[in-house]
Amino acid sequence: MHKHTLFIDESGKSSLAEKADEPFILTGVILKEEDINTVEGFFNYIKRKYQIDSSTPFHSYDLFENSKLKMTDIKAKKLLNTIAEFISLIPIKVSVFSIGKSIFKSSLGVKTENDLKGTANKRAMREFPYRIMSSRLFAWFAEYLNISDSIGQIIVDARVGGDQQLLRTLNTCKDPNGPIDKNISKLIKEKCNAICFAEKYFFSGGLEITDLISYTSFFHARKKMNSMSSIGLQTVWKEIRKNLSDNSLKKLGKRDIKKFFGVGRDGVHPYLKEKP
């Protein structure tokens, strides 16, 4: 039986209480176990070629935007051209989910920021985007594992306060009485056998690639790709898009959100009706 790994990374602020005008995206990349060493080895070669510190993980923001650490535009453009070619050749599957926070809050019946304050449940609603988006990635991964007669593990870029949220979501997805299809829930329980949270200095070429894909997709989601034209980030996006189903990000709409969180006909999530 084959084994695959799902790498997960995020871009943007997941909380509904932050960066209300920006989208939030969650990225998943699948690699077959026997391909991981080859892919990671080639990625490490690219790092050495462009004199990127091999003792620390690859972080796109630091290389392309951090004023103290970023490369020159000329060097960055050459690197991204090489990475675009790299992505065109490696055997990966990619899925990127995106949400708009205004639509998300409207779907739950949230009218003001004060609605997300007060009771513990109301405060927990701030992280609802991460719950539904990670559940979609789990379902996508489980279905892929089923088709390929495989089992899999999940490696996630750790985030402060978010690991418990992800574990709760995974357990919810395995519950046959939860918010997702029972058949998919069964597959997730049978096929997703392990989960690992990678801290900042954990080395994983799979996560490094996922970081770059998520970083690039976030510029596309915000319609700010032109702001990175001087380094040619769009060349990487073109190759990423070829690996996406329907060649695009998957945007979650009101119907998806209402169904997953059990919003009734009155259009208001039960947590919002709680009194202090």
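Which residue just after H9 takes a positive phi? In this predicted model, the residue is Lys 223, with a phi of about 60 degrees.

- Strands in a sheet pair through backbone hydrogen bonds, and the pairing is either parallel or antiparallel.
- Strand E1 (residues 2-11) and E2 run antiparallel, joined by eight bridges.
- Seven of the 10 residues of E1 are buried, so E1 is largely enclosed by the rest of the structure.
- Strand E2 (residues 24-32) is mostly covered, with eight of its nine residues buried.
- E2 pairs with strand E3 (residues 93-99) in the antiparallel sense, over seven bridges. Phe 24 stands opposite Ile 99 in E3, while Gly 28 has Ser 95 of E3 as its bridge partner.

**Helix H6**

- Does the length of helix H6 (residues 128-147) agree or disagree with what its residue count should give? It agrees: at 1.5 Å a residue, the 20 residues should span 28 Å, and the end C-alpha atoms are 29 Å apart.
- H6 is mostly covered, as 15 of its 20 residues are buried.
- After H6 comes Asp 149, which has a positive phi, near 50 degrees.

**Helix H9 and its contact with H10**

- Two packed helices are described by the angle between their axes and by the distance between those axes.
- For helix H9 (residues 205-221) and helix H10 (residues 233-242), the packing angle is about 105 degrees and the axes are 10 Å apart. That angle makes H9 roughly perpendicular to H10, because 65 to 115 degrees counts as roughly perpendicular.
- On the H9 side, the contact is made by Leu 212, Ile 213, Tyr 215, Thr 216, Ser 217, Phe 219 and His 220. On the H10 side, Leu 233, Val 236, Trp 237 and Ile 240 make it.
- Sorted by class, this contact has eight nonpolar residues, three polar ones and no charged ones.
- The length of H9 works out as well: its 17 residues should span 24 Å at 1.5 Å a residue, and its end C-alpha atoms are 24 Å apart, which agrees.
- With 15 of its 17 residues buried, H9 is largely enclosed by the rest of the structure.

- Lys 47 lies in helix H1 (residues 33-49). Is Lys 47 buried or exposed? Its relative accessible area is 1%, so Lys 47 counts as buried, the cut-off being under 20%.
- Leaving out residues up to four places away in sequence, Lys 47 touches Ile 52, Asp 53, Ser 54, Thr 56, Pro 57, Phe 58, Phe 203 and Glu 208.
- Lys 259 sits in helix H11 (residues 254-261). Its relative accessibility is 69%, so Lys 259 counts as exposed, the cut-off being over 50%.
- Along the chain, Lys 259 and Pro 179 are 80 residues apart, and their C-alpha atoms are separated by 7.7 Å.

Notes: Residues numbered from 1 in each chain as written. Predicted model: local features only at pLDDT ≥ 70, side-chain atom pairs only at ≥ 80, totals over all residues. Heavy atoms only, no water. Helix = DSSP H or I, 4+ residues; strand = E, 2+ residues; numbered from the N terminus. Buried < 20%, exposed > 50% of the residue type's maximum accessible area, 1.4 Å probe, protein only. Contact = heavy atoms within 4.5 Å. Expected span 1.5 Å × (residues − 1). Pairing = 2+ DSSP bridges. Axes fitted to C-alpha atoms, helices over the stretch in contact; angles between N-to-C directions. Parallel < 35°, antiparallel > 145°, perpendicular 65-115°, else oblique. Nonpolar A, V, L, I, M, F, W, Y, C, P; charged D, E, K, R; others polar.
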